[in-house]
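Please open the model in your viewer and keep the selection tool at hand. The stops below take you from one selection to the next.

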Amino acid sequence: MATLPNPPSTPPAHPAPQRQRESGFPSSTTTASSLRALFLRAVDPSRPASWSAAVADLLSSGDAVAALATFAAAVRANPAALRPALPPALRAAAAATSLAAGRQLHLLALRSGLFPSDPYSASALLHMYHHCSRPMDARRAFDEIPDPNPVIITAMASGYVRNNLVYHSLDLFRAMIASDSASVVDEAAALVAFSASARVPDRGVTASLHALIAKIGFERNAGVVNTMLDSYAKGGSRDLEAARKVFDTMERDVVSWNSMIALYAQNGMSAEAIGLYSKMINVGGGIKCNAVALSAVLLACAHAGSIQTGKRIHNQVVRMGLEENVYVGTSVVDMYSKCGRVEMASKAFRKIKEKNILSWSAMITGYGMHGRGQEALEIFTEMKRSGLRPNYITFISVLAACSHAGLLDEGRYWYNAMKQEFGIEAGVEHYGCMVDLLGRAGCLDEAYSLIKEMKAKSDAAIWGALLSACRIHKNVELAEISVKRLFELDASNSGYYVLLSNIYAEAGMWKDVERIRLLVKTRRIEKPPGYSSVELKGKTYLFYVGDKSHPQHMEIYSYLEKLLERMQEAGYVPNTGSILHDLDEEEKESALRIHSEKLAVAFALMNSVPGSVIHIIKNLRICSDCHTAMKFITKITEREIIIRDLQRFHHFKEGLCSCQDYW
DNA sequence: CTAGGGTTAG
């Protein structure tokens, strides 16, 4: 149902009379607005270029529908306008994702002979089909083009990436390199190739593309290298040195800085990310920080638990008036949640103007991580009321919140509702949450049946959740089953050996404890270095087990000794059951005394403002002895201690910890 | 003269 506009020389006082057309073109109201635009621009109907400029202008001003209407008017007024106006019209159809309009334009291009001979129309046509999620239609058209030029091939390649056909895209790029001299690989082509390589698991792709563009001489080109940095970031590559080297020598723009900061942030190198952010602001050579930079650096603060730095960045967000921005706002929510300030997170959340599904998810997750399940579910209810439909990710947040808060009935309810009411198939993440929830609640058999019935392939997280539950509820039989599966998936993770040994020890099965201990020895299982970090006056301090690298370490150890004495007077008994190594009891106790959590807490007690919250980040799970120790330290010092580990927040304040493992 | 281009969030 569409109309063609009247010729612009006779402006209608009333809406233009309706005229039937095949389909796909816009309605009369838009026609009126497009006419207005034409008058503002003073189009000369006799000049085809004038028409095409009008179409392009309307498109770039964001009114794709008006651009299409104007195209229709142009062709009617002057058939010669078809050739120059067709490419921007196709782009307008792409922007409006109007397949009907696009197909009509395709037909027009065929009838007028512009397709496949005119490369400008051809590339725009492929672009249109890809934007309308019709990659195979694009493919059919592409195959009809006798000798596609690099622009056309790049249009095809980027469309494949857009439609998740990454390997098709890389194939085109490979053919491009092989067929001709490498000179056809221009900036846009290289860019698309990197955006494709960012989406494949094989990291070798990025590295080999890197070598190629170095050969062509694009290594300083901001556009190309920025995409490459992203590609390195997505792959979780450990080889950040190579990326940093390029960054240091290239001609950097805002995006380069943002990409490099994000690269560090996404790979857990928070200090580097924050450092680079400061460098950008201070010596970036006139580079202005923007919303993307703020989001990236907030992620780094969240990861490192750097609340002071995070607050500073938040101030910057407020100064720049970006509190309402949905991306930045969501990052602020995430940062405050992960830094243990869920009230601040909630305040920031309320400031976001147009909350999207991820904003809501972040807030649900925030409450969930802190064991505040009811509030998480209230946010979830509010989200649904606002008209947003929960998706796969939302239900991960909801079920995780239920599991962290031990809300068994609610968790069961929403798990079923997810499938029945919302038609979402449960994935490994959902199963992981449910196994954790059921397992902690003691419904071990139900958890086990759930794993057996799941369609998706079970992963280590799921069996690991079941194993932890077996520890809490002392189920040796199921623990052995879980460990068998875990060893098939990843036999090198020391955590499983420790848990199983704990379970045997608590059941008094000392022969089996011995067997596991031997296994650890013969398999040469190494515990990855655990660390605890704490932020003081904006600086982050990292402690490993028995760490002596800190200049104050002598004071820290003697402070800790005194603290331990007072703790033992208060009734603390070291829990040596979780130590696997072959040590006597006394050696075990001294091994426990120097756990990184204890060093970090001693350091924080010595140096922080009295009364302030001590917030520690642990890269592995907190051990049961440290958990017990923190309860006593809280009692003695009357300081609030929060430890965030891989799994959840541990709040040490009068039985507040919701982890259920150790209380 | 016109066409193909990327970074942030669980």
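Select Arg220 and Glu251 and display their side chains: in this predicted model, the two meet in a salt bridge, with N and O 2.9 Å apart. The pair links distant parts of the chain, 31 residues apart. Arg220 is in the loop between α11 (204-216) and α12 (222-234), and Glu251 is in the loop between α13 (240-249) and α14 (254-266). Arg220 is partly exposed, at 45% relative accessible area, whereas Glu251 is exposed, at 52%.

Next, select Glu324 and Lys353. Their side chains also form a salt bridge, at 3.5 Å from N to O. This pair, too, links distant parts of the chain, 29 residues apart: Glu324 sits in the loop between α17 (307-319) and α18 (326-338), and Lys353 in the loop between α19 (342-351) and α20 (357-369). Is Lys353 buried or exposed? Lys353 is exposed, with a relative accessible area of 61%, while Glu324 counts as partly exposed at 42%.

Move on to Glu640 and Lys653, a salt bridge whose closest N and O atoms are 3.9 Å apart. Then select Arg103, Arg134, Asp137 and Arg140, which are joined into one network by salt bridges that share partners. A search of the whole structure finds 29 salt bridges.

Now turn to the surface. Select Leu358, Tyr392 and Ile393: together they form a nonpolar patch with about 250 Å² of accessible area. Ile393 belongs to helix α22 (residues 392-405) and is partly exposed, at 40% relative accessibility.

For a charged counterpart, select Asp584, Glu585, Glu586 and Glu587, which form a negative surface patch. Glu586 lies in helix α31 (residues 585-593) and is exposed, with a relative accessible area of 68%.

How much of residues 253-287 is helix, and how much is strand? That span is 77% helix and 0% strand, with its end C-alpha atoms 7 Å apart. Residues 356-390 are 74% helix and 0% strand, and the end C-alpha atoms lie 11 Å apart.

Notes:
Residues are numbered from 1 along each chain as its sequence is written. Chains are lettered from A and ligands numbered from 1 in the order in which they are written. This is a predicted model: local features need pLDDT of at least 70, side-chain atom pairs count only at pLDDT 80 or more; totals for chains, interfaces and linings use all residues. Side-chain values use heavy atoms; hydrogens and water are left out. Patches are made of residues with over 30% relative accessible area and no salt bridge: like charges are joined within 9 Å, nonpolar side chains (Val, Leu, Ile, Met, Phe, Trp, Tyr) within 5 Å. Accessible areas come from the Shrake-Rupley method with a 1.4 Å probe; for residues, only the protein chains shown count as cover. A salt bridge is a side-chain nitrogen of Lys or Arg within 4 Å of a carboxyl oxygen of Asp or Glu. Lys and Arg count as positive and Asp and Glu as negative; His and the chain ends are not counted. The place of a charge is taken as NZ of Lys, CZ of Arg, CG of Asp or CD of Glu. Helices (H or I, at least four residues) and strands (E, at least two) are DSSP runs, numbered from the N terminus. Buried means under 20% relative accessible area, exposed over 50%, partly exposed in between (1.4 Å probe, protein chains only).
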